[in-house]
Amino acid sequence: MFVEAGHDARHSLLMVSSYLGCLKTETRLLLPMTLAANRPEFCSIRSKVEAGQRLSREEGEFLFRPEVDLHALGQLADLVRRRKNGNAAYYNLNAHLNPTNACIYRCPLCAYSRDADDPTAYVMGRDAILARGQEAVESGSTELHIVGGLHPTKDFSWYRSILSDLHGAYPTLHLKAWTPVEIAWFAQSTGRTVRDILEELIGAGLGSMPGGGAEIFDPEIRARIAPRKADAQTWLAVHRTAHGLRLRTNATMLYGHIENPRHRVDHLLRLRELQDETGGFLAFIPLAFHPDGTQLADRVAHPPTAMDDLRTVAVARLLLDNFDHIKAYWISLGVPTAQVALGYGADDLDGTVRYEKIHHDAGSKAPEILSVEELEALIHEAGFVPVERDTLYRRVRRHGSQWEAE
Ligand code: V47
Ligand code: SF4
């Protein structure tokens, strides 16, 4: 009751403040600077969003300006979020699997990877991998999220057999695996096409692809944070090919390092363009950069602030008008910010998650796991209705660890 009243009151205040922002000039002069400064551009953006019109690059860049009132922006993003997903806020039951942390690329942004001869490098064996699948199924997970390093001596067949072993043993567990970084490397190392590689992986049990490896598409920034990774064109081309094979995928953006708002908007618009073409993306996930243990730690002292996180979620919701879902990944944003992000454009908290290493190795203070009860309580408290989904956003009917998608 208290929460609902608080939520309503906040929305009333936001409506009043954004209405005041659209008053005549003489009235505006009496208002605080933040509202007055952004009045004409913000009102025009607001009218476009209300009319369901697409925002431009310049408007996206404008929304990142600090004088644009974050809460009025959040209210606008919430309008779009409710249009697309009503009062629902999604979560799923999932676990992560990172079969190896040995990686030939050793990206400056990464705290997780190791050289193969490092004493802390590891490679999981078949039994350990299957045990993860069994644990996931027994705990009711619907999805295993599988990514890892590019091991110098493990070939494509090793990566493919991770999928075929798990799929053979646990056919109901959705395998969301490998990014264009791995797929492009498999194609390069085998001399085969991306399409051929993807077809073989789908045959082995690949259910969808996660959104990782996108980082920031701008070539100058990418060259400094992940110089050896597949470039933007390759990342987008792999997703285009996957969508052509009816494989659904996600998209991410890593922000809060050395990029600026212009790079973020450019990244979002390249995703929007591909989504116009294929319609194959399920969700967009903004990933806050965590610097600890990375080669960028000298330049970037902290993860982005909560204000920056919420602004990024809201602008993404407004620019990505052809994406159904925006995830507030609680491992990356932290639980409190992810919860608030549900009112700033996000409609999904991602999952229960266990065994996440990439963000925790880089300093994420988020817990290792959240229970269904905790996720549902967070969603209720934020004023939304919790809905368990599977990877493809079908509603899940659950009976203990047994489940079926609607
Ligand atoms: O590709 C790497 C990023 C990604 C750091 O598709 C870092 O449902 C922050 O893609 N600080 C992996 N981020 C995670 C990912 C993801 C997560 C949740 C859901 C989905 C989905 C995808 O994490 C990497 C990279 O972009 N990353 N290092 C770091 N230091
Ligand atoms: Fe390897 Fe991925 Fe880490 Fe880059 S971000 S070093 S590709 S594991």
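**Close-up views of a predicted model**

View 1. Where pLDDT is low, the predicted coordinates should not be read in detail. The mean pLDDT of the chain is 92, with 91% of its residues at 70 or more. Because the model is predicted, local features need pLDDT of at least 70 and side-chain atom pairs count only at pLDDT 80 or more, while totals for chains, interfaces and linings use all residues. Residues are numbered from 1 along each chain as its sequence is written, and chains are lettered from A and ligands numbered from 1 in the order in which they are written.

**View 2. The buried side of helix H4.** Helices are DSSP runs (H or I, at least four residues), numbered from the N terminus, and H4 covers residues 39-50. Phe42, Ile45 and Val49 are its buried residues, a residue being buried if 20 or more other C-beta atoms lie within 10 Å of its own and exposed if 12 or fewer. Seen down the axis of H4, these buried residues fall within an arc of 60° (taken from the directions from the helix axis to the C-beta atoms), so they line one face of the helix. What covers them includes helices H5 (57-63), H6 (70-85) and H14 (306-319).

**View 3. The outward face of helix H4.** Turned away from the buried side of H4 is a face that carries the exposed residues Pro40, Ser47 and Glu50.

Conventions
Helix = DSSP H or I, 4+ residues; strand = E, 2+ residues; numbered from the N terminus. Expected span 1.5 Å × (residues − 1). Contact = placed C-beta atoms within 7 Å. pLDDT = per-residue confidence, 0-100.
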